[in-house]
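Subject: Structure handover

Hello,

Here is the structure you asked about.

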Amino acid sequence: MLAYIAFALLSCSFVSGHEWRPFTKGHKVEVFDIKNNVHSVRMPCNGGWFKLYYNTGHFEIFANNKGNLFCKNAGRKNWYGGERYDFSFAKQHCVNGFVQFDVVKSAHYFVVSVNGKQLYKKDFNSYSGDCLQGINRITTYVYDKRALSFYLNAQSWLAFRKENNYHNKVSVSGSHDVHSVRAPCNGGWFKLYYNTGHFEIFANNKGNLFCKNAGKKNWYGGEKFDFSFPKQHCVNGFVQFDVVKSSTDFDVYVNGGRIFHHSIGGYDGDCRQSINAVTGYVYDSRPLTFYLGVN
């Protein structure tokens with residue numbers, strides 16, 4: 001068990017999400033710390049108009065056969081302070097209900113492929129502005145008027161926040177017994193809802209674990225385990241809470257130090273199961289941004 005926890009903590013330092021996340025005209029997706037500058041978008045077979053906004057510019061597909069790459073501070077800077085590179089392509093073959101655009105970026109080029117075939121390539125030079133940098137942020141946007149769903153796949157940290165009383169939550173599915181949350185240095189109130197219950201941090205030094213169908217079932221049909229901890233040291237603008245769950249333990253770490261431990265036994269209900277769904281939710285009234293990372 002100690003060996004497992006040590007390995008899991010090492011993984012948590014670089015924990016990332018890697019799955020398909022839906023985005024629509026009314027629901028955008030934001031991801032951060034993109035791994036390897038590699039990501040993909042699945043577009044419906046009947047086409048659509050979407051754009052990926054980067055810290056370096058944007059990538060856009062529209063009208064089924066047209067697209068462009070925009071680099072901030074590039075070229076003559078005569079298009080919104082940068083340069084836009086337009087391209088067109090033949091209508092692509094649909095596979096399993098989608099056309100998948102795979103993007104690979106390096107310091108030297110930007111390549112878009114579909115079904116393993118290169119659709120577009122832009123070679124960079126000293127006039128390519130911000131496109132010479134790595135992509136560390138992607139924000140999706142749908143301009144199509146139809147009610148279409150697109151999907152983004154990128155290894156990243158996922159942002160969730162509360163803005164103007166609107167909860168911009170983030171949800172992931174799959175096996176996630178090891179995951180992390182980055183909270184702002186000035187604290188905040190967030191909750192991770194699981195298929196098994198929830199995990200909550202609030203007031204900078206308090207938290208709880210809730211297990212469905214556990215104990216005497218006297219708190220919303222389960223049992224809540226409260227805990228407190230000293231205010232934690234902030235690193236690079238965040239306090240990172242690393243969660244490591246096994247069939248016998250639920251542990252929370254910050255900077256390698258354990259701040260909470262719960263031994264899972266026969267009366268702990270659904271917490272004896274694996275976590276296969278995580279939804280991040282912010283209750284703080286301040287406009288704070290949190291980040292979820294899953295393995």
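Predicted model: local features only at pLDDT ≥ 70, side-chain atom pairs only at ≥ 80, totals over all residues.

Residues are numbered from 1 along each chain as its sequence is written, and side-chain values use heavy atoms, with hydrogens and water left out.

Overall. The protein has 1 helix and 25 strands (DSSP runs numbered from the N terminus: helices are H or I of at least four residues, strands E of at least two). Its C-alpha trace spans about 65 × 40 × 40 Å along the principal axes. Of the 295 residues, 51% are buried (under 20% relative accessible area with a 1.4 Å probe, protein chains only).

In β5 (residues 57–62), 5 of the 6 residues are buried. K51 has E60 in β5 as its bridge partner, and the hairpin of β4 and β5 leaves 2 residues between the strands. β5 is also joined to β6 (residues 66–72), again antiparallel, by 6 bridges. There, F62 is opposite K66 in β6. The β5 and β6 hairpin has 3 residues between its strands, and A63 adopts a positive phi near 55°.

D242. This residue sits in strand β21 (residues 238–245). D242 is buried but has no salt bridge, and R182, the nearest side chain of opposite charge, is 7.5 Å away. Charge here takes Lys and Arg as positive and Asp and Glu as negative, without His or the chain ends; a salt bridge needs a side-chain nitrogen of Lys or Arg within 4 Å of a carboxyl oxygen of Asp or Glu. What D242 does have is a polar contact, side chain to side chain, with S180 at 2.6 Å (N or O atoms within 3.5 Å, one able to donate a hydrogen and the other to accept it; residues adjacent in sequence count only if both atoms are side-chain atoms).

Second largest pocket. Its volume is about 200 Å³, taken as the space filled by probe spheres set on grid points joined across faces, edges and corners. A pocket is an open set of points on a 1 Å grid over the protein atoms alone, where a 1.4 Å probe fits, with protein on both sides within 12 Å along at least five of seven lines; lining residues have an atom within 4 Å of a point. The lining includes R21, H27, E30, L158, N168 and K169. β1 (20–23), β13 (157–163) and β15 (170–173) each contribute at least two lining residues.

Regards

Definitions and conventions:
Buried < 20%, exposed > 50% of the residue type's maximum accessible area, 1.4 Å probe, protein only. Pairing = 2+ DSSP bridges.
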